[in-house]
Amino acid sequence: MNRQTYIEPAIRTIVGGFIVACGVLVYVQPAWSWLWLSILFFVGFNLFLSGFTQFCMMEKLLKKLHFRSELDEIRNLNRAHAEAEARAAFYDTLGLLNEVVIELSRDGRLAFLSDHWLKLLGIDSRSDEDFVGHPFLSFINRQDRRVLETLLDALLKGERDTMSLRFRMLREDRHEHWVEGKFALYRKQGEVQGIRGVLRDVTEAHVQEKRISHMAMHDALTGLPNRTYLDERIAEAIERLGRVGSKFALLFIDLDNFKRINDLHGHKTGDQLLASVSAILRANLRETDVLARWGGDEFVVLLPFSRDADIARKVAGELMRKLQLELEKQISDTFVTLSIGIAVYPDDADTSEALLVQADKALFYAKSQGRNNIQMCSDLQTRAPGFEDAEMTSRFVAAVKQSLFQVYYQPVMDAGDHGRIAGVEALARWHDDKYGWVSPATFIPLAEDMGLINEVGRQVLEQALDHFSQCSGVCADLKLAVNVSKRQLMSVDFYPMLLDMVRRYGMSPRQIKLEITESIALEGIDKARTYLQRLSEAGFTLSLDDFGTGFSSLSHVHELPFDEIKIDISFVRRIKTPEGRVLVKTIADMGHAMQLALVAEGVEDAETAAILRELGVGMLQGYHFGSPMPKEECADFIAGLRSPLLASAGAA
Ligand code: C2E
Ligand code: MG
Ligand code: MG
């Protein structure tokens with residue numbers, strides 16, 4: 001039955017009847033025709049209403065009798081058509097994105113895929129439609145499947161609203177492709193329908209990040225892990241083994257007379273020797289042992305599973321023997337021996353740094369005993385009572401109590417504008433009557449360990465703000481950068497203390513830059529963001545110090561409200577090598593892409609400065625422009641730059 005069945009006869013009857021009635025009435029009684037016409041209209045209108053009501057009732061009746069109403073069908077078709085049009089337009093828009101949008105049903109099957117899904121899988125011979133209905137997890141690399149499954153489950157159970165993860169897809173060409181997926185639940189009329197996700201190919205960024213972190217953690221000559229990596233592994237061993245009361249040993253190794261070999265045969269031979277030594281040492285250690293190059297001809301071995309000093313001594317003896325044997329085969333005219341110092345955790349020290357110091361002291365003793373020799377730290381302590389140097393610690397505590405720290409300032413130059421100074425970095429200095437100048441690299445960790453970092457940080461900040469507010473005429477347009485350690489940043493007092501101090505010295509947060517190292521990201525991104533966000537909102541500039549040496553990935557940096565990255569000195573030092581240049585360029589390009597300002601630290605010569613400028617690094621800091629200096633000297637430096645006669649000197 002169609003619409004015509006109801007409407008047409010009804011219209012025909014009403015209109016026909018009306019015309020006939022009019023004709024008859026006008027013929028019979030023209031004078032009264034208006035009256036009859038009105039009556040007829042009234043009757044016709046009522047007829048129409050009753051017909052329409054009947055029509056609707058019939059519709060209802062048909063529905064009740066479960067006959068499909070054609071009208072309903074037409075309505076539904078129209079609605080579906082409009083929806084399909086809107087959806088097609090939406091999909092066309094999705095096709096413009098580089099990302100793939102997917103919808104998963106509640107049981108994890110692909111319900112919808114936008115364009116580029118095939119590209120993500122490296123397939124071009126099939127259609128997206130072929131994949132609809134397949135379980136999403138079956139396209140994910142086996143190693144990442146479990147984590148993704150757990151997170152998707154948590155999402156469906158309502159344990160979290162959104163989640164993101166980096167994982168690998170299973171591609172036909174078997175290439176490793178990394179994808180960043182962001183997922184959220186989607187509901188219709190309050191009811192969960194499934195999961196919607198956006199997948200982005202991040203392979204290139206991932207590979208670059210890996211390269212940067214590998215280079216940051218490894219030594220270029222020997223390919224061995226470097227100090228940064230070693231520190232992390234020792235800290236990990238302390239955390240993991242210390243918790244179950246287990247011991248482990250650290251070996252500090254030094255090649256005897258390496259300098260003589262270098263002088264006699266040249267640096268090239270020296271380098272080859274170092275590479276051979278590292279290869280032999282590595283080959284004679286277990287896979288779980290860590291061998292790192294400490295610097296020069298020094299190596300450190302972490303033996304996480306040597307539970308007592310005797311085992312460590314045995315391993316050390318074996319390394320000495322094997323090294324001599326192998327080297328004799330390789331270089332017959334050179335006789336190389338080793339000196340080794342051993343420290344055991346927790347007998348000799350209970351922190352990573354102290355353990356290294358103790359092993360180094362044992363090594364020093366081994367060398368003083370005529371080289372080619374192994375010494376245990378424990379032997380040393382019984383031989384030399386009072387070996388433990390507690391004096392520096394107590395002198396440091398006294399220095400904190402008496403506020404004996406000074407603040408030095410190092411200029412940060414604007415790379416583009418010749419000779420213009422962009423700001424200064426405040427650096428803490430401590431001069432002790434007995435030890436002389438002690439590096440902040442020594443006393444800042446000491447302050448952290450002793451819980452004194454907030455106090456030291458407060459003293460440095462107070463002095464720096466005091467100095468800066470006094471030179472408001474010259475310094476008004478300069479940024480004052482202060483270093484903030486992770487512990488300091490995370491203490492509850494830090495934020496109110498900082499705001500109060502800035503206000504007290506009549507300064508604005510906009511004049512202050514806080515330099516924070518990447519280790520903050522290890523606290524977890526959400527936690528780090530909470531601490532950083534309020535500082536950023538208050539107007540402070542946030543700079544990521546020593547960038548590239550930590551573990552945070554670039555994508556994490558993107559999630560934190562940093563305004564600037566400070567490229568670590570270890571990268572700047574390597575910039576003259578093709579490899580180093582590529583590395584800094586990668587960091588600079590990523591910085592630009594993330595719209596972050598870039599500063600390079602440790603610029604020691606004009607060539608390095610020129611390369612950095614070329615790579616688009618906006619600010620430069622280092623001995624080439626000026627070393628850290630006391631406030632008076634810094635004021636002269638700034639004044640000198642601003643005097644037209646001297647300005648050209650700073651442009652160097
Ligand atoms: P940083 O923040 O990365 O500071 C830069 C370090 O590089 C400084 O060492 C500086 O003297 C040094 N430097 C600057 N230009 C050059 C150069 O051209 N070549 C070389 N080889 N080195 C250069 P410094 O003053 O010994 O500080 C070491 C670290 O101690 C700082 O690294 C910072 O992390 C920490 N630190 C210093 N003062 C403070 C402070 O007040 N609070 C906190 N929390 N940490 C501080
Ligand atoms: Mg710094
Ligand atoms: Mg730095």
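At what distance does a backbone N or O atom of Tyr623 lie from an oxygen atom of ligand 1?

Mentor: A backbone N or O atom of Tyr623 lies 2.8 Å from an oxygen atom of ligand 1. Before going further, note that this is a predicted model, in which local features need pLDDT of at least 70, side-chain atom pairs count only at pLDDT 80 or more, and totals for chains, interfaces and linings use all residues; side-chain values use heavy atoms, with hydrogens and water left out. Residues are numbered from 1 along each chain as its sequence is written, while chains are lettered from A and ligands numbered from 1 in the order in which they are written.

Ligand 1 has 23 residues around it, and those that come nearest are Gln410, Arg429, Asn483, Glu604 and Tyr623; a residue is counted as near if one of its heavy atoms lies within 4 Å. Gln410 places a polar side-chain atom 2.8 Å from a nitrogen atom of ligand 1. Asp546 also has a polar side-chain atom by the ligand, 3.0 Å from an oxygen atom of ligand 1.

Donors are N, O and S atoms within 2.8 Å of the metal (3.2 Å for Na, K and Ca), and water is not among the atoms, so sites may look incomplete. Distant parts of the chain are linked here: Asp546 belongs to strand β16 (residues 541–547), whereas Glu601 is in the loop between β18 (597–600) and α23 (606–614), 55 residues apart. Such helices (H or I, at least four residues) and strands (E, at least two) are DSSP runs, numbered from the N terminus. Asp546 counts as partly exposed because its relative accessibility is 24%, and Glu601 counts as buried because its value is 11%. The classes are buried for under 20% relative accessible area, exposed for over 50% and partly exposed in between, with a 1.4 Å probe and protein chains only.

The magnesium ion (ligand 2) is coordinated by Glu425 (OE), Asn483 (OD1), Glu515 (OE) and Asp545 (OD), at 2.0 to 2.2 Å. These donors follow the spacing E-x57-N-x31-E-x29-D along the chain. Glu425, in strand β12 (residues 421–432), and Asn483, in strand β14 (residues 479–483), are 58 residues apart, a pair that links distant parts of the chain. Glu425 is classed as buried because its relative accessibility is 5%, while Asn483, at 31%, is partly exposed.

Turning to the surrounding features, the whole structure contains 1 disulfide, a disulfide being a pair of cysteine sulfur atoms within 2.5 Å. The bond joins Cys471 and Cys475, with their sulfur atoms 1.9 Å apart. This link is left-handed, with -110° about the S-S bond. Cys475 is buried, its relative accessible area being 4%. Cys634 is buried as well, at 4%, but the closest cysteine sulfur, in Cys475, is 7.3 Å from the sulfur of Cys634 and therefore too far for a bond.

Among aromatic residues, a search of the whole structure finds 15 pairs. Rings of Phe, Tyr and Trp (its six-membered ring) pair if their centres lie within 6.5 Å; planes under 30 degrees apart are stacked, over 60 edge-to-face and the rest tilted. One of these pairs, Tyr408 with Trp437, is edge-to-face, at 6.0 Å centre to centre and 65° between the planes. Tyr408 lies in strand β11 (residues 406–414) and Trp437 in strand β13 (residues 436–438), 29 residues apart. With 16% relative accessibility Tyr408 counts as buried, and with 48% Trp437 counts as partly exposed.

Finally, Asp219 is found in the loop between α6 (203–217) and α7 (227–243). The side chain of Asp219 makes a polar contact with the side chain of Arg293, at 3.0 Å. A polar contact is a pair of N or O atoms within 3.5 Å; within protein, one must be able to donate a hydrogen and the other to accept it, and residues adjacent in sequence count only if both atoms are side-chain atoms. Asp219 is buried, because its relative accessible area is 17%.
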